[in-house]
Structures are given as structure tokens and as C-alpha cells.
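Trainee: I have just opened this structure and would like to learn how to read it. Could you walk me through it, one feature at a time?

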Amino acid sequence: PAGPLSASGRVRQGADGTLDLDVTAEGPGGTTGRIDGRALLPGGAVDLAIAGTAPLALANPYITPRSVTGTAQFDLTLSGQPGPDALRGRVTLSGGRFSEPSVGLAVEDIAGAIDLTGGAARLDLRAAVNGGAISLSGPVGLSAPYSADLTAALTNVPFEQPGLVTTRLNGQIAVRGGLTGG
């Protein structure tokens, strides 16, 4: 959802040229955030704590006709040269729901965590689908080639192709290696 963004706080330049930050922000759909720490350290490094909450529905304008609801809470640090290797912390998803109307798919109770450290994200996500369950777990790199060791598990997930088959899916799918070619 679009809407206004407001920020307040303090940004001060130190005698050594560094910036001291203490800023809070509020945005659309109940988005909140806080950045606290220092920037413009020697060599362009930063030392920041970043925390807040964002509604997953912020993605909806980009995924239409699909939609997503729920909340992401984040508690992160960015320390060193800005980039994936400097990012650490946790993003927690709760109360999520994803809908894909073109195939009548609704994924409910999306929850879990993404732990960020050392240029990688470790996923531990789960959801419900029509009485069944799905999960996605494992690490994925945050830089090319996006090396992954992910496992998706299906437990008692209903599948129907009208007039052909009705069944329940159980099993695991593993994705290992780089997610991009080249």
C-alpha cells in the first residue's frame, strides 16, 4: 500500500567526519523502522543497527494478481563495508498468507525465520496448504552464484487435476548449488 513516510531523529557529523545516526521512521501499512549507529567510518564502513516491522502486503503492487499478507519483523546489523557480507540478524515472518488466483492456490499460516550472517541467508519457513504442510529450509548465498542447499518438504498437500487425478503429495525436493548460471 502506498502512503506517506515520516522520519524523525538525529544525524550528527563527528569531528572525524563520521555520521552518528538515531532515526525512526513510520510508513504505509504500519511499517516502522529504526536505524541507530555510525556511518562514513574509515574506508566507507558503517556500524548500524536496523530494526522494525513491515507488512508483507507492501509487495502486492509488484506481484498482482497474486497477493500476500502478514508481517515481517527485522532485527539486523550492518557492520563493515556495506554489502551482503556485512549484514547479520534475523527476519521473522508471521501471520502470512499467499494467494495465486489463476490456479486457486492459497498458502496459509506462513511463518518462520530467515537468519542472515556471513553473506548467506538460512531459511526456516513453513506454511499450510488445504490441510497439508510445506516447508523450506537451508542456506542460500546473497551474492552470485547464490549457492544454495535448500530443502522443500511437502506433507499431505492436496493436489487435484479435475477429471484426471485427486491425490495428496508427500516428499522432499532439494536444490543444491548455484541458483544462477555462469
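**Strands, cores and turns**

Mentor: Let us begin with a pair of neighbours: strand 7 and strand 8 (residues 120–129) pair in the antiparallel sense over eight bridges. Strands are DSSP runs of E with at least two residues, helices are runs of H or I with at least four, and both are numbered from the N terminus. Two strands count as paired if DSSP finds at least two bridges between them. Before going on, note that this is a predicted model, where local features need pLDDT of at least 70, side-chain atom pairs count only at pLDDT 80 or more, and totals for chains, interfaces and linings use all residues. Residues are numbered from 1 along each chain as its sequence is written, and side-chain values use heavy atoms, with hydrogens and water left out.

Trainee: How many bridges join strand 6 and strand 7?

Mentor: Nine, again in the antiparallel sense, between strand 6 (residues 87–100) and strand 7 (residues 105–117). One place to look is F98, whose bridge partner in strand 7 is V107. This hairpin has four residues between the strands, and G104 takes a positive phi near 65 degrees there.

Trainee: What should I look for around strand 4?

Mentor: Strand 4 covers residues 46–55. Seven bridges join it to strand 3 (residues 32–39), and the two run antiparallel; here G37 has L48 as its bridge partner. Strand 4 is also joined to strand 5 (residues 67–80) by 10 bridges, again antiparallel, with A54 partnered by A72.

Trainee: Which residue in the hairpin of strand 3 and strand 4 takes a positive phi?

Mentor: L40 does, in a hairpin with six residues between the strands. Its phi is near 60 degrees, a positive value in a residue other than glycine. L40 lies in the loop between strand 3 and strand 4.

Trainee: Which residues is V46 in contact with, leaving aside its neighbours within four places in sequence?

Mentor: Contact means heavy atoms within 4.5 Å. By that test V46 touches R38, A39, L41, L78, S79, G80 and P82. For a sense of scale, the C-alpha atoms of V46 and A133 are separated by 41 Å, and the two are 87 residues apart along the chain.

Trainee: What is a nonpolar core, and where is the largest one?

Mentor: A nonpolar core is a set of buried Ala, Val, Leu, Ile, Met, Phe, Trp, Tyr and Cys residues joined through side-chain atoms within 4.5 Å. The largest here has 13 residues, and V91 and L93 have the most contacts inside it. Strand 5, strand 6, strand 8 and strand 10 (147–161) each give two or more residues to this core. Apart from it lies another core, of six residues, among them L21, V46, L48 and A86.

Trainee: What does L93 contact, beyond its neighbours within four places in sequence?

Mentor: Its contacts are L56, T71, A72, I110, A111, G112 and L125.

Trainee: Which peptide bonds are cis?

Mentor: One runs from T64 to P65, with omega near 15 degrees, and P65 lies in the loop between helix 1 (60–63) and strand 5. Another joins A144 and P145, where omega is about 15 degrees; P145 lies in the loop between strand 9 (132–141) and strand 10.

Trainee: Where is N156, and what is its phi?

Mentor: N156 is in strand 10, and its phi is near 60 degrees, a positive value in a residue other than glycine. With a relative accessible area of 33%, N156 is partly exposed.

Technical notes
Buried means under 20% relative accessible area, exposed over 50%, partly exposed in between (1.4 Å probe, protein chains only).
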